[in-house]
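Subject: Structure handover

Hello,

Here is the structure I said I would pass on. Please open it next to this message.

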Amino acid sequence: MNAIELALLNAISEHPNMPLVIAYSGGVDSQVLLHALALLKQTGALSQAVTICHVNHGLSANAHAWQAFAQQSCLQLKLTLQVRQVNIQVQAQQSLEALARDARYQALHSIYEQASLIITGHHSDDQAETFLLALKRGSGLKGLSAMAAHTKQNKDILVRPLLNISRADIVTYAKAHDLSWIEDESNADTRFDRNFIRNDIM
């Protein structure tokens with residue numbers, strides 16, 4: 001079993017009775033997550049209910065094309081998809097990035113009424129960026145510990161099974177399985193702190 005599939009299976013097996021919500025943007029990280037999950041379902045390694053959640057933020061001219069891509073990807077893999085449309089109101093003293101993240105997590109929490117396992121595709125490169133962001137902002141020890149593999153959020157548990165997997169390994173997996181994915185043009189905008197760290201520092 002591939003290291004990515006094994007990491008996903010190990011994370012999920014700790015909570016065998018909880019339905020799964022997969023955060024799916026269509027980017028390479030979530031595309032690999034989706035593919036690995038589909039393989040585990042096909043082989044019978046997973047028995048839980050699974051729902052894929054794509055959040056349409058409406059912030060890009062490509063948002064509807066990304067939604068169509070998500071629908072087609074889930075249709076091909078025979079996975080249930082729910083699309084959540086969110087309306088982000090830009091506010092003074094709050095970053096667009098933070099507002100979009102908060103709206104995204106609210107959407108993920110809304111999928112099931114009962115406690116669920118929310119799974120994201122954050123990897124080790126994301127972890128390094130998060131640490132550098134916290135360092136830049138002068139965070140304390142909690143902030144400098146970056147992202148946890150498991151986090152309780154309201155009724156749900158947020159799981160990041162790929163934190164020990166590099167982005168390079170994720171791209172290698174995607175190419176080995178001939179996967180396609182979308183590229184968010186905003187990732188090149190270095191006005192956002194995370195993009196500045198990713199593109200200019202790391």
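Below are the notes on what was found in it.

This is a predicted model, in which local features need pLDDT of at least 70 and side-chain atom pairs count only at pLDDT 80 or more, while totals for chains, interfaces and linings use all residues. Residues are numbered from 1 along each chain as its sequence is written, and side-chain values use heavy atoms, with hydrogens and water left out.

Helix H2

Helices (H or I, at least four residues) and strands (E, at least two) are DSSP runs, numbered from the N terminus. Helix H2 covers residues 28–42, 15 residues in all, and its end C-alpha atoms lie 21 Å apart. H2 is largely enclosed by the rest of the structure, because 12 of its 15 residues are buried. Buried here means under 20% relative accessible area, exposed means over 50%, and partly exposed is in between (1.4 Å probe, protein chains only). Among the buried residues of H2 are Asp29, Gln31, His35 and Leu37. Gly44, which follows H2, has a positive phi near 80°.

H1 against H2

The axes of H1 and H2 come within 9 Å and cross at roughly 70°. Axes are lines fitted to C-alpha atoms, for helices over the stretch in contact, and angles run from 0 to 180 degrees between N-to-C directions. H1 is therefore roughly perpendicular to H2, a label for angles of 65 to 115 degrees; under 35 counts as roughly parallel, over 145 as roughly antiparallel and the rest as oblique. On the H1 side the contact (heavy atoms within 4.5 Å) is made by Ile4, Glu5, Leu8, Leu9 and Ile12. On the H2 side Val32, Leu33, Ala36, Leu37, Leu39 and Leu40 take part.

Nonpolar cores

A nonpolar core is a set of buried Ala, Val, Leu, Ile, Met, Phe, Trp, Tyr and Cys residues joined through side-chain atoms within 4.5 Å. The largest one has 35 residues, and Leu20, Leu37 and Ile52 touch the most other members. Several elements supply at least two residues each, including H1, S1, H2 and strand S2 (50–56). H2 gives the largest share of this core, 8 residues. Leaving out residues up to four places away in sequence, the residues that Leu20 touches include Ile12, Leu37, Val50 and Ile119. A second, separate core has 16 residues, among them Cys53, Val86, Leu99 and Leu108.

Loops

His15 sits in the loop between helix H1 (3–13) and strand S1 (20–23). With a relative accessible area of 15%, His15 is buried. Apart from neighbours within four places in sequence, His15 is in contact with Gln48, Leu117, His150 and Ile157.

Glu113 belongs to the loop between helix H4 (96–109) and strand S4 (117–119), and counts as exposed at 79% relative accessibility. Its C-alpha atom is 9.7 Å from that of Asp156, 43 residues apart along the chain.

Lys78 has a positive phi near 60° and is not a glycine. Lys78 lies in the loop between H3 and strand S3 (81–85), and its 75% relative accessibility makes it exposed. Asn154, also not a glycine, has a positive phi of about 55°. Asn154 is in the loop between strand S5 (150–153) and S6, where it is exposed, with a relative accessible area of 65%.

Regards

Definitions and conventions: Expected span 1.5 Å × (residues − 1).
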